[in-house]
Amino acid sequence: MSTPNGPDQKIVITAATGRLGRLVVAELLNQGLPAGNIAAAVRSPQTAAGLAELGVEIRHADYTEPQTLVPAFAGADRLLLIPSAEYGQRFPQMKNAIDAAVEASVSQIAYTSFVNTPVSTLRLADEHKQAEAYVVRSGLPFTFLRNGGYTELYTGELGDIGRALDSGVMYGCAGEGRVSGATRADLAAAAARVLLGAVGSGQAHAAANNGRVYELGGAAFSLHEVAAEFSRQSGRPLRYQDLSVGEYAEALTTQGLPREFADLLADTSLAVSNGDWFTTSNDLEQLIERPAAPLADVIATQLRVF
Ligand SMILES: NC(=O)c1ccc[n+]([C@@H]2O[C@H](COP(=O)([O-])OP(=O)(O)OC[C@H]3O[C@@H](n4cnc5c(N)ncnc54)[C@H](OP(=O)(O)O)[C@@H]3O)[C@@H](O)[C@H]2O)c1
């Protein structure tokens, strides 16, 4: 492993209290980086006690409060920018963060985006397109970590698998499309490898990685395969039924989801049928130097939770 040069050099992780951010911090430590080289930049320092116990520095960084961002990014040799999940606010928030990174003279940005962002038809990808372009325009050395769809989202995190298992039917509008899903844990391991400089260290790392784009996906699965695997492991009948995008959004609202969220989820499912969540890239496995977690393992974990 190569590490940033010198004891004072810092890797700063934003949104570090989130599920991905916490895993990245844990991975950096697992991969041998001293806690003193890590700063967790968080919206609410009072919710970061668990991170502080790891010995990492806690810095206040709220994307909506630009005055917090420059001090939070000060001295960052590598800055991992993980956007918030606030649809419609992500680009203005990222613009604040990228401007602050320039002002703080950060040596290199790694930005977590979505797989296939430039060509994606997904509505949620629009703000990533804007943010990627803004990173490029900033002039800072950058790396894009284009994360695949979290496998956990397809295996029950959105809360509808219990209902599906009870009814025997899982709905969506993904058609025969395939998702190159990846777990947060694998994506965090990949991010840590990039931040630690699989290619080099210090300025050499920044130069070698400038403009690198990683398309990070695991072994692809269809929604039919998700249903079949749940059925196989649970011993209960479950099939996938494809709906039109309108029908699926309607079904989600009748399950109690707010209209806007239902429409976004339906759009995300439709994007599967368009191939937006599929990649043939093996960047993820190359970075983590092992196979990505297979769908069956993620489902087994999910079924243990029920
Ligand atoms: N690839 C995919 O399939 C996929 C799916 C969903 C989302 N995403 C994206 O990936 C990101 C990370 O995923 P995740 O699972 O870790 O999400 P998460 O657990 O919901 O974490 C979101 C993080 O954003 C932080 N945040 C919210 N508003 C902020 C603000 N104004 N300033 C600074 N930080 C703020 C939250 O801080 P608090 O702890 O203070 O709330 C939290 O740390 C998401 O935010 C979203 O952009 C990707």
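**Close-ups of salt bridges and helix packing**

**View 1. E57 pairs with K10 through a salt bridge, with 3.0 Å between the closest N and O atoms.** The pair ties together distant parts of the chain, 47 residues apart: E57 sits in strand β3 (residues 57-60) and K10 in strand β1 (residues 10-14). A salt bridge here is a side-chain nitrogen of Lys or Arg within 4 Å of a carboxyl oxygen of Asp or Glu. Strands are DSSP runs of E with at least two residues, helices are runs of H or I with at least four, and both are numbered from the N terminus. K10 is buried at 12% relative accessible area, while E57 is partly exposed at 32% (buried is under 20%, exposed over 50%, partly exposed in between, with a 1.4 Å probe and protein chains only). R59 joins in too, so look for a network of salt bridges made of K10, E57 and R59.

A quick note on what you're looking at: this is a predicted model, where local features need pLDDT of at least 70 and side-chain atom pairs count only at pLDDT 80 or more, while totals for chains, interfaces and linings use all residues. Residues are numbered from 1 along each chain as its sequence is written, and side-chain values use heavy atoms, with hydrogens and water left out. The salt bridge count comes to 14.

**View 2. E225 reaches R178 in another salt bridge, with the closest N and O atoms 3.2 Å apart.** This one also links distant parts of the chain, with E225 in helix α10 (residues 223-234) and R178 in strand β8 (residues 178-179), 47 residues apart. E225 is partly exposed at 34% relative accessibility, and R178 is partly exposed at 32%.

View 3. An α-helix has 3.6 residues a turn, so residues three or four places apart point the same way. R232 is exposed at 61% relative accessibility, whereas E229 is buried at 14%.

**View 4. Helix α10 packs on helix α14 (residues 295-305) at about 55 degrees, with the axes 10 Å apart.** That angle makes the two helices oblique (under 35 degrees is roughly parallel, over 145 roughly antiparallel, 65 to 115 roughly perpendicular, and the rest oblique). Axes are lines fitted to C-alpha atoms over the stretch in contact, with angles from 0 to 180 degrees between N-to-C directions. On the α10 side, E225, V226, E229, F230, Q233 and S234 meet L295, A296, I299, A300, Q302 and L303 of α14, where contact means heavy atoms within 4.5 Å.

**View 5. Helix α1 (residues 19-30) and helix α8 (residues 184-196) pack at about 50 degrees, with their axes 8 Å apart.** These two are oblique as well. From α1, R19, L20, L23, V24, E27 and L28 touch a set of α8 residues including R184, A188, A192 and L196.

**View 6. Helix α11 (residues 245-254) has Y248, A249, A251, L252 and T253 as its buried residues.** Their cover includes β7 (169-172) and α12 (259-273). After α11 comes G256, with a positive phi near 105 degrees.
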